[in-house]
Amino acid sequence: MDHFLYRDGCLHAEDVAISQIAAEVGTPFYLYSSATLLRHFKLFDDALAGMDHLICYAMKAASNQAILTLLGAAGAGMDVVSGGEYARARAAGIPGDRIVFSGVGKTRAEMTEVLTGGVRQFNVESEPEMRALSEVASMLGKTAPITIRVNPDVDAKTHAKISTGKKEDKFGIPISRAREVYAMAARLPGLEVVGIDVHIGSQLTDLAPYGVAYEKVAELTELLRADGHDIRRLDLGGGLGIPYESNNHHPPSPEDYCALIAEKVGHLGCEIEIEPGRFIAGNAGVFVSEVIYVKQGEDREFLIVDGAMNDLIRPAMYDAHHDIVPIKAPAAGTEYQAYDVVGPVCESGDTFAKGRALAPLKAGDLIAFRSAGAYGAVMASEYNTRPLVPEVMVKGDQFAVIRPRPSLEDIINRDIIPQWH
Ligand SMILES: *Cc1c(COP(=O)(O)O)cnc(C)c1O
(Lines give C-alpha, C1' and ligand atoms only; values in the text may rest on other atoms or scores of the structure.)
Protein backbone atom coordinates (compact mmCIF):
# COMPACT_ATOMS: atom_id res chain seq x y z
CA MET A 1 0.00 0.00 0.00
CA ASP A 2 1.23 3.49 -0.78
CA HIS A 3 -0.03 7.04 -0.38
CA PHE A 4 -0.61 7.92 -4.05
CA LEU A 5 -4.37 8.00 -4.48
CA TYR A 6 -6.97 9.91 -6.49
CA ARG A 7 -8.91 12.51 -4.65
CA ASP A 8 -11.29 15.02 -6.25
CA GLY A 9 -10.29 13.71 -9.68
CA CYS A 10 -6.59 14.35 -9.19
CA LEU A 11 -3.78 12.01 -8.17
CA HIS A 12 -2.48 13.05 -4.78
CA ALA A 13 0.71 12.28 -2.92
CA GLU A 14 -0.59 12.03 0.64
CA ASP A 15 -2.61 15.25 0.97
CA VAL A 16 -1.02 17.22 -1.86
CA ALA A 17 -2.36 17.35 -5.42
CA ILE A 18 0.45 16.32 -7.76
CA SER A 19 -0.75 18.89 -10.31
CA GLN A 20 0.03 21.60 -7.77
CA ILE A 21 3.58 20.34 -7.30
CA ALA A 22 4.04 20.10 -11.07
CA ALA A 23 2.89 23.70 -11.46
CA GLU A 24 5.44 24.89 -8.91
CA VAL A 25 8.41 22.62 -9.63
CA GLY A 26 8.01 21.95 -13.35
CA THR A 27 8.23 18.50 -14.94
CA PRO A 28 9.76 16.01 -14.95
CA PHE A 29 10.45 15.26 -11.29
CA TYR A 30 10.60 12.46 -8.76
CA LEU A 31 8.13 12.57 -5.91
CA TYR A 32 8.37 10.60 -2.67
CA SER A 33 5.84 10.03 0.06
CA SER A 34 7.48 10.16 3.46
CA ALA A 35 4.55 8.27 5.03
CA THR A 36 5.05 5.41 2.56
CA LEU A 37 8.80 5.26 3.17
CA LEU A 38 8.24 5.06 6.91
CA ARG A 39 5.41 2.59 6.57
CA HIS A 40 7.57 0.20 4.56
CA PHE A 41 10.43 0.48 7.02
CA LYS A 42 8.08 -0.19 9.92
CA LEU A 43 6.63 -3.30 8.25
CA PHE A 44 10.05 -4.94 8.48
CA ASP A 45 10.87 -3.49 11.88
CA ASP A 46 7.60 -4.77 13.36
CA ALA A 47 7.86 -8.15 11.66
CA LEU A 48 11.30 -8.70 13.21
CA ALA A 49 10.29 -7.34 16.60
CA GLY A 50 10.67 -10.77 18.20
CA MET A 51 14.35 -10.98 17.30
CA ASP A 52 17.39 -8.85 18.01
CA HIS A 53 17.64 -7.06 14.66
CA LEU A 54 18.72 -4.05 12.63
CA ILE A 55 17.22 -3.00 9.32
CA CYS A 56 19.99 -1.57 7.17
CA TYR A 57 18.27 0.29 4.35
CA ALA A 58 20.16 -0.39 1.09
CA MET A 59 20.57 3.28 0.30
CA LYS A 60 21.70 2.73 -3.27
CA ALA A 61 17.98 2.37 -4.06
CA ALA A 62 17.31 6.05 -3.25
CA SER A 63 19.92 8.04 -1.40
CA ASN A 64 18.70 11.61 -1.10
CA GLN A 65 19.74 13.06 2.26
CA ALA A 66 16.09 13.76 3.10
CA ILE A 67 15.23 10.07 2.69
CA LEU A 68 18.24 8.93 4.73
CA THR A 69 17.47 11.40 7.50
CA LEU A 70 13.83 10.33 7.64
CA LEU A 71 14.65 6.62 7.87
CA GLY A 72 17.61 7.17 10.16
CA ALA A 73 15.42 9.04 12.64
CA ALA A 74 13.04 6.06 12.61
CA GLY A 75 15.93 3.83 13.68
CA ALA A 76 17.17 2.47 10.37
CA GLY A 77 20.76 1.53 9.78
CA MET A 78 22.25 1.73 6.29
CA ASP A 79 23.82 -0.69 3.88
CA VAL A 80 26.41 1.30 1.92
CA VAL A 81 28.37 0.20 -1.14
CA SER A 82 30.86 3.04 -1.55
CA GLY A 83 32.78 5.65 0.37
CA GLY A 84 30.38 8.18 -1.12
CA GLU A 85 27.36 6.42 0.32
CA TYR A 86 29.13 6.11 3.67
CA ALA A 87 29.72 9.87 3.68
CA ARG A 88 26.06 10.48 2.80
CA ALA A 89 24.87 8.20 5.62
CA ARG A 90 27.11 9.92 8.16
CA ALA A 91 26.03 13.36 6.92
CA ALA A 92 22.43 12.23 7.50
CA GLY A 93 23.30 11.55 11.12
CA ILE A 94 23.46 7.75 10.96
CA PRO A 95 25.96 6.56 13.57
CA GLY A 96 28.79 4.35 12.31
CA ASP A 97 27.61 1.41 14.37
CA ARG A 98 24.44 1.29 12.29
CA ILE A 99 26.28 1.17 8.93
CA VAL A 100 27.32 -1.98 7.11
CA PHE A 101 29.70 -1.71 4.17
CA SER A 102 29.01 -4.06 1.24
CA GLY A 103 30.41 -4.31 -2.28
CA VAL A 104 32.91 -6.34 -4.28
CA GLY A 105 35.42 -3.58 -4.96
CA LYS A 106 36.07 -1.66 -1.76
CA THR A 107 39.25 0.37 -2.18
CA ARG A 108 41.86 0.88 0.52
CA ALA A 109 40.94 4.57 0.60
CA GLU A 110 37.31 3.64 1.29
CA MET A 111 38.36 1.12 3.95
CA THR A 112 40.43 3.82 5.65
CA GLU A 113 37.56 6.33 5.54
CA VAL A 114 35.08 3.85 6.98
CA LEU A 115 37.37 2.36 9.64
CA THR A 116 38.32 5.81 10.83
CA GLY A 117 34.74 7.05 10.89
CA GLY A 118 33.31 3.95 12.56
CA VAL A 119 31.34 1.06 11.11
CA ARG A 120 29.20 -1.82 12.26
CA GLN A 121 30.84 -4.31 9.94
CA PHE A 122 32.45 -4.88 6.58
CA ASN A 123 30.76 -7.49 4.43
CA VAL A 124 33.89 -8.97 2.83
CA GLU A 125 33.44 -10.43 -0.63
CA SER A 126 36.79 -12.02 -1.52
CA GLU A 127 40.12 -13.16 -0.13
CA PRO A 128 42.15 -10.35 -1.75
CA GLU A 129 39.75 -7.84 -0.23
CA MET A 130 40.10 -9.55 3.15
CA ARG A 131 43.90 -9.30 2.99
CA ALA A 132 43.70 -5.64 1.99
CA LEU A 133 41.32 -4.89 4.87
CA SER A 134 43.60 -6.70 7.30
CA GLU A 135 46.53 -4.57 6.17
CA VAL A 136 44.61 -1.29 6.29
CA ALA A 137 43.16 -2.03 9.74
CA SER A 138 46.55 -3.11 11.13
CA MET A 139 48.16 0.03 9.76
CA LEU A 140 45.52 2.17 11.45
CA GLY A 141 45.84 0.18 14.69
CA LYS A 142 42.17 -0.78 14.42
CA THR A 143 40.13 -3.96 14.33
CA ALA A 144 37.68 -4.33 11.47
CA PRO A 145 34.51 -6.29 12.35
CA ILE A 146 33.71 -8.52 9.38
CA THR A 147 31.23 -10.93 7.97
CA ILE A 148 32.08 -12.84 4.82
CA ARG A 149 29.54 -12.79 2.05
CA VAL A 150 28.88 -16.32 0.94
CA ASN A 151 27.45 -17.17 -2.43
CA PRO A 152 24.99 -20.01 -1.83
CA ASP A 153 24.55 -20.83 -5.53
CA VAL A 154 20.80 -20.30 -5.45
CA ASP A 155 18.81 -19.17 -8.44
CA ALA A 156 16.82 -16.16 -7.24
CA LYS A 157 14.65 -16.42 -10.40
CA THR A 158 14.91 -12.72 -11.09
CA HIS A 159 16.29 -10.62 -13.97
CA ALA A 160 19.85 -11.69 -14.90
CA LYS A 161 21.20 -8.19 -14.24
CA ILE A 162 20.02 -8.27 -10.62
CA SER A 163 20.74 -11.89 -9.70
CA THR A 164 23.69 -12.07 -7.32
CA GLY A 165 23.62 -15.47 -5.64
CA LYS A 166 24.50 -17.94 -8.39
CA LYS A 167 28.00 -19.34 -8.74
CA GLU A 168 28.58 -17.46 -12.00
CA ASP A 169 27.77 -14.11 -10.33
CA LYS A 170 30.67 -11.94 -9.17
CA PHE A 171 29.46 -11.69 -5.58
CA GLY A 172 30.77 -13.34 -2.41
CA ILE A 173 32.84 -16.47 -1.99
CA PRO A 174 31.47 -19.92 -2.86
CA ILE A 175 29.77 -21.32 0.21
CA SER A 176 31.65 -24.58 -0.33
CA ARG A 177 34.90 -22.75 0.47
CA ALA A 178 33.55 -20.79 3.43
CA ARG A 179 35.26 -22.77 6.22
CA GLU A 180 38.64 -22.35 4.59
CA VAL A 181 38.16 -18.61 4.10
CA TYR A 182 36.85 -18.11 7.66
CA ALA A 183 39.94 -19.95 8.94
CA MET A 184 42.07 -17.51 6.98
CA ALA A 185 40.12 -14.57 8.41
CA ALA A 186 40.75 -15.82 11.94
CA ARG A 187 44.50 -15.90 11.28
CA LEU A 188 44.78 -12.43 9.78
CA PRO A 189 45.57 -9.48 12.07
CA GLY A 190 43.19 -6.54 12.33
CA LEU A 191 40.04 -8.54 11.61
CA GLU A 192 37.31 -9.78 13.90
CA VAL A 193 34.80 -12.26 12.51
CA VAL A 194 31.31 -11.37 13.72
CA GLY A 195 29.02 -13.22 11.36
CA ILE A 196 27.92 -14.33 7.92
CA ASP A 197 26.47 -12.30 5.06
CA VAL A 198 24.33 -13.39 2.12
CA HIS A 199 22.41 -11.46 -0.54
CA ILE A 200 21.05 -13.43 -3.47
CA GLY A 201 19.49 -10.81 -5.70
CA SER A 202 16.89 -8.14 -6.17
CA GLN A 203 13.17 -8.08 -6.98
CA LEU A 204 12.56 -11.59 -5.64
CA THR A 205 8.88 -12.41 -5.91
CA ASP A 206 9.07 -15.89 -4.40
CA LEU A 207 10.30 -16.83 -0.94
CA ALA A 208 11.60 -20.27 -1.95
CA PRO A 209 15.12 -19.13 -2.99
CA TYR A 210 15.45 -17.28 0.33
CA GLY A 211 14.45 -20.44 2.14
CA VAL A 212 17.16 -22.46 0.41
CA ALA A 213 19.81 -19.77 0.96
CA TYR A 214 18.95 -19.23 4.63
CA GLU A 215 19.01 -22.97 5.32
CA LYS A 216 22.50 -23.09 3.89
CA VAL A 217 23.49 -20.14 6.07
CA ALA A 218 22.06 -21.88 9.15
CA GLU A 219 24.07 -25.02 8.40
CA LEU A 220 27.17 -22.95 7.85
CA THR A 221 26.62 -21.15 11.15
CA GLU A 222 26.76 -24.46 13.01
CA LEU A 223 29.84 -25.59 11.11
CA LEU A 224 31.71 -22.35 11.69
CA ARG A 225 30.79 -22.31 15.36
CA ALA A 226 32.14 -25.86 15.64
CA ASP A 227 35.33 -24.55 14.03
CA GLY A 228 35.59 -22.01 16.83
CA HIS A 229 34.27 -18.86 15.16
CA ASP A 230 31.99 -16.58 17.13
CA ILE A 231 29.13 -16.30 14.64
CA ARG A 232 26.76 -13.93 16.40
CA ARG A 233 25.30 -11.91 13.55
CA LEU A 234 23.62 -12.89 10.29
CA ASP A 235 23.23 -10.34 7.53
CA LEU A 236 20.55 -11.83 5.32
CA GLY A 237 20.68 -9.21 2.56
CA GLY A 238 17.84 -7.49 0.78
CA GLY A 239 15.98 -8.15 -2.42
CA LEU A 240 12.33 -8.58 -1.45
CA GLY A 241 10.32 -7.73 -4.57
CA ILE A 242 7.50 -5.25 -4.99
CA PRO A 243 4.40 -5.26 -7.19
CA TYR A 244 5.22 -3.21 -10.30
CA GLU A 245 1.93 -4.04 -11.99
CA SER A 246 -1.15 -3.15 -10.01
CA ASN A 247 -3.15 -6.04 -11.44
CA ASN A 248 -0.45 -8.61 -10.77
CA HIS A 249 -0.33 -11.09 -7.94
CA HIS A 250 1.34 -9.59 -4.95
CA PRO A 251 4.85 -10.67 -3.98
CA PRO A 252 5.40 -11.99 -0.47
CA SER A 253 4.91 -9.52 2.36
CA PRO A 254 7.57 -8.47 4.87
CA GLU A 255 5.58 -10.44 7.45
CA ASP A 256 5.91 -13.66 5.44
CA TYR A 257 9.54 -12.94 4.67
CA CYS A 258 10.40 -12.28 8.30
CA ALA A 259 8.47 -15.38 9.41
CA LEU A 260 10.69 -17.37 7.05
CA ILE A 261 13.77 -15.77 8.63
CA ALA A 262 12.55 -16.76 12.10
CA GLU A 263 11.84 -20.29 10.87
CA LYS A 264 15.20 -20.83 9.14
CA VAL A 265 17.66 -19.07 11.45
CA GLY A 266 15.69 -18.06 14.55
CA HIS A 267 17.01 -20.98 16.61
CA LEU A 268 20.62 -19.84 16.24
CA GLY A 269 20.33 -16.89 18.63
CA CYS A 270 22.04 -14.54 16.20
CA GLU A 271 21.40 -10.88 15.76
CA ILE A 272 19.61 -10.45 12.43
CA GLU A 273 20.32 -7.79 9.84
CA ILE A 274 18.39 -7.32 6.62
CA GLU A 275 19.10 -4.86 3.82
CA PRO A 276 15.89 -3.98 1.99
CA GLY A 277 16.20 -1.21 -0.57
CA ARG A 278 13.60 -1.53 -3.28
CA PHE A 279 10.84 -2.60 -0.90
CA ILE A 280 11.23 0.54 1.19
CA ALA A 281 11.68 3.09 -1.59
CA GLY A 282 10.12 1.56 -4.74
CA ASN A 283 6.44 2.19 -4.22
CA ALA A 284 7.16 5.27 -2.12
CA GLY A 285 8.07 7.23 -5.24
CA VAL A 286 6.60 8.20 -8.59
CA PHE A 287 8.15 9.89 -11.59
CA VAL A 288 5.99 12.70 -12.92
CA SER A 289 6.17 13.76 -16.54
CA GLU A 290 4.22 15.84 -19.03
CA VAL A 291 3.05 14.86 -22.48
CA ILE A 292 4.82 17.02 -25.07
CA TYR A 293 3.29 15.60 -28.24
CA VAL A 294 0.99 12.87 -29.36
CA LYS A 295 2.48 11.67 -32.62
CA GLN A 296 0.67 9.49 -35.12
CA GLY A 297 3.08 6.83 -36.41
CA GLU A 298 2.40 4.55 -39.33
CA ASP A 299 0.72 1.86 -37.27
CA ARG A 300 0.86 3.20 -33.74
CA GLU A 301 0.48 6.29 -31.64
CA PHE A 302 3.44 7.70 -29.77
CA LEU A 303 3.09 9.55 -26.52
CA ILE A 304 6.19 11.72 -26.40
CA VAL A 305 6.78 12.80 -22.80
CA ASP A 306 9.33 15.13 -21.21
CA GLY A 307 10.85 12.40 -19.04
CA ALA A 308 13.38 10.11 -20.67
CA MET A 309 15.66 7.12 -20.22
CA ASN A 310 18.33 9.31 -18.64
CA ASP A 311 15.86 10.14 -15.86
CA LEU A 312 14.38 6.66 -15.38
CA ILE A 313 16.53 3.97 -16.93
CA ARG A 314 14.83 0.86 -15.59
CA PRO A 315 12.71 0.11 -18.68
CA ALA A 316 15.76 0.45 -20.98
CA MET A 317 18.10 -1.43 -18.69
CA TYR A 318 15.97 -4.19 -17.17
CA ASP A 319 12.95 -4.24 -19.50
CA ALA A 320 11.14 -3.05 -16.41
CA HIS A 321 7.42 -2.34 -16.36
CA HIS A 322 6.13 0.79 -14.66
CA ASP A 323 2.41 1.41 -14.40
CA ILE A 324 1.61 4.72 -16.05
CA VAL A 325 -1.35 6.69 -14.74
CA PRO A 326 -2.79 10.09 -15.64
CA ILE A 327 -2.66 12.73 -12.91
CA LYS A 328 -6.18 13.78 -13.84
CA ALA A 329 -8.46 10.81 -13.20
CA PRO A 330 -10.18 9.62 -16.38
CA ALA A 331 -13.96 9.82 -16.39
CA ALA A 332 -15.76 6.57 -15.63
CA GLY A 333 -16.33 4.54 -18.77
CA THR A 334 -13.44 6.14 -20.70
CA GLU A 335 -12.22 3.88 -23.52
CA TYR A 336 -8.52 3.17 -23.31
CA GLN A 337 -6.22 3.27 -26.29
CA ALA A 338 -2.76 1.87 -27.00
CA TYR A 339 0.27 4.13 -26.90
CA ASP A 340 4.01 3.71 -27.23
CA VAL A 341 5.29 5.93 -24.44
CA VAL A 342 8.67 7.40 -25.33
CA GLY A 343 11.04 10.15 -24.22
CA PRO A 344 12.88 12.77 -26.27
CA VAL A 345 16.36 11.16 -26.10
CA CYS A 346 17.98 10.18 -29.39
CA GLU A 347 17.89 6.41 -28.82
CA SER A 348 15.27 3.83 -29.64
CA GLY A 349 15.90 2.45 -26.16
CA ASP A 350 14.24 5.58 -24.83
CA THR A 351 10.94 3.74 -24.67
CA PHE A 352 8.99 3.38 -21.44
CA ALA A 353 6.20 1.19 -22.74
CA LYS A 354 4.93 -0.28 -26.00
CA GLY A 355 1.26 -0.60 -26.86
CA ARG A 356 0.27 0.48 -23.36
CA ALA A 357 -3.48 0.89 -22.84
CA LEU A 358 -4.13 4.33 -21.36
CA ALA A 359 -6.98 6.74 -21.17
CA PRO A 360 -6.65 9.16 -24.11
CA LEU A 361 -4.04 11.84 -23.46
CA LYS A 362 -3.12 15.08 -25.13
CA ALA A 363 -0.17 17.48 -25.08
CA GLY A 364 0.13 19.19 -21.72
CA ASP A 365 -1.39 16.32 -19.73
CA LEU A 366 0.53 15.03 -16.73
CA ILE A 367 1.29 11.39 -16.09
CA ALA A 368 3.00 9.48 -13.31
CA PHE A 369 5.19 6.42 -13.62
CA ARG A 370 4.43 4.46 -10.50
CA SER A 371 6.89 2.40 -8.41
CA ALA A 372 9.74 4.67 -9.47
CA GLY A 373 11.16 5.44 -6.02
CA ALA A 374 13.90 2.81 -6.11
CA TYR A 375 16.70 2.75 -8.67
CA GLY A 376 15.14 5.82 -10.27
CA ALA A 377 16.71 9.16 -9.37
CA VAL A 378 19.94 7.48 -8.25
CA MET A 379 20.52 6.01 -11.70
CA ALA A 380 19.71 9.22 -13.57
CA SER A 381 22.29 10.92 -15.76
CA GLU A 382 22.52 14.12 -17.76
CA TYR A 383 22.70 12.37 -21.13
CA ASN A 384 21.61 14.72 -23.92
CA THR A 385 22.40 17.56 -21.46
CA ARG A 386 19.10 17.05 -19.76
CA PRO A 387 19.44 18.42 -16.21
CA LEU A 388 19.20 15.86 -13.40
CA VAL A 389 15.54 15.64 -12.43
CA PRO A 390 14.57 17.33 -9.18
CA GLU A 391 13.38 15.28 -6.23
CA VAL A 392 10.41 16.33 -4.12
CA MET A 393 9.11 14.89 -0.85
CA VAL A 394 5.63 15.09 0.57
CA LYS A 395 4.65 14.92 4.23
CA GLY A 396 0.94 15.23 4.88
CA ASP A 397 -0.21 18.47 3.28
CA GLN A 398 3.32 19.84 2.80
CA PHE A 399 5.84 19.28 0.06
CA ALA A 400 9.49 20.23 -0.24
CA VAL A 401 12.02 20.16 -3.04
CA ILE A 402 14.74 17.92 -1.65
CA ARG A 403 17.03 18.32 -4.63
CA PRO A 404 16.53 21.21 -7.02
CA ARG A 405 16.92 20.98 -10.76
CA PRO A 406 20.36 22.28 -11.69
CA SER A 407 20.41 25.21 -14.08
CA LEU A 408 21.94 24.81 -17.51
CA GLU A 409 24.52 27.31 -16.36
CA ASP A 410 25.47 25.02 -13.44
CA ILE A 411 25.86 22.14 -15.84
CA ILE A 412 27.93 24.02 -18.40
CA ASN A 413 30.15 25.66 -15.81
CA ARG A 414 31.05 22.31 -14.30
CA ASP A 415 33.22 21.69 -17.34
CA ILE A 416 36.63 23.30 -17.58
CA ILE A 417 38.18 24.40 -20.86
CA PRO A 418 41.93 23.91 -20.43
CA GLN A 419 44.10 26.99 -20.83
CA TRP A 420 47.09 25.29 -22.49
CA HIS A 421 50.34 27.23 -22.46
C1 LIG B 1 21.35 -3.92 -3.86
C2 LIG B 1 21.62 -4.59 -2.57
C3 LIG B 1 20.62 -4.68 -1.60
C4 LIG B 1 19.22 -4.18 -1.81
O5 LIG B 1 18.51 -4.87 -2.78
P6 LIG B 1 16.95 -4.53 -2.97
O7 LIG B 1 16.53 -5.43 -4.05
O8 LIG B 1 16.88 -3.10 -3.35
O9 LIG B 1 16.29 -4.81 -1.69
C10 LIG B 1 20.94 -5.25 -0.40
N11 LIG B 1 22.18 -5.72 -0.14
C12 LIG B 1 23.16 -5.66 -1.06
C13 LIG B 1 24.49 -6.20 -0.73
C14 LIG B 1 22.92 -5.10 -2.30
O15 LIG B 1 23.89 -5.06 -3.21
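## Close-up views of a two-domain predicted model

**View 1. Where the two domains meet.** In this predicted model, 23 residues of domain 1 are in contact with 25 residues of domain 2. Domain 1 is made of residues 4–31 + 282–402, while domain 2 covers 34–281, according to the domain assignment. Their C-alpha centres are 32 Å apart. If you like to think in surface terms, the area buried between domain 1 and domain 2 comes to about 2,000 Å², and carbon and sulfur atoms give 53% of that area.

**View 2. The domain 1 side of the contact, and what crosses it.** Which kind of pairing links the domains? Ten residue pairs are in polar contact between domain 1 and domain 2, whereas the count of salt bridges between them is zero. On the side of domain 1 that touches domain 2, α11 (314–318) and β20 (391–395) each supply at least two residues. The largest share, four residues, comes from β20.

**View 3. Helix α6 and its glutamates.** Here we look at E127, which is found in helix α6 (residues 127–140). E127 counts as buried because its relative accessibility is 17%, and the cut-off for buried is under 20%. Beyond its neighbours within four places in sequence, E127 is in contact with R177, V181 and M184. The side chain of E129 meets that of K106 in a salt bridge (2.6 Å, N to O). E129 lies in helix α6 and K106 in the loop between β7 (99–101) and α5 (108–117), so this pair ties together parts that are 23 residues apart in sequence. Both partners count as buried, E129 at 5% relative accessibility and K106 at 8%.

**View 4. A salt bridge between a loop and a strand.** R300 forms a salt bridge with D340, and their closest N and O atoms are 2.8 Å apart. R300 sits in the loop between β14 (285–296) and β15 (301–305), and D340 in strand β17 (residues 337–342), so the pair links distant parts of the chain, 40 residues apart.

View 5. The side chains of R7 and D15 meet in a salt bridge (2.9 Å, N to O). R7 is partly exposed, with a relative accessible area of 39%, and D15 is partly exposed too, at 41%. Elsewhere, R120, R233, E271 and E273 are linked in a network of salt bridges. The whole structure holds 23 salt bridges.

How values were computed. Residues are numbered from 1 along each chain as its sequence is written. This is a predicted model: local features need pLDDT of at least 70, side-chain atom pairs count only at pLDDT 80 or more; totals for chains, interfaces and linings use all residues. Side-chain values use heavy atoms; hydrogens and water are left out. Domain bounds come from an automatic or database domain assignment. Contact means heavy atoms within 4.5 Å. Buried area is the accessible area (1.4 Å probe) that two parts lose on being put together, summed over both. A salt bridge is a side-chain nitrogen of Lys or Arg within 4 Å of a carboxyl oxygen of Asp or Glu. A polar contact is a pair of N or O atoms within 3.5 Å; within protein, one must be able to donate a hydrogen and the other to accept it, and residues adjacent in sequence count only if both atoms are side-chain atoms. Buried means under 20% relative accessible area, exposed over 50%, partly exposed in between (1.4 Å probe, protein chains only).
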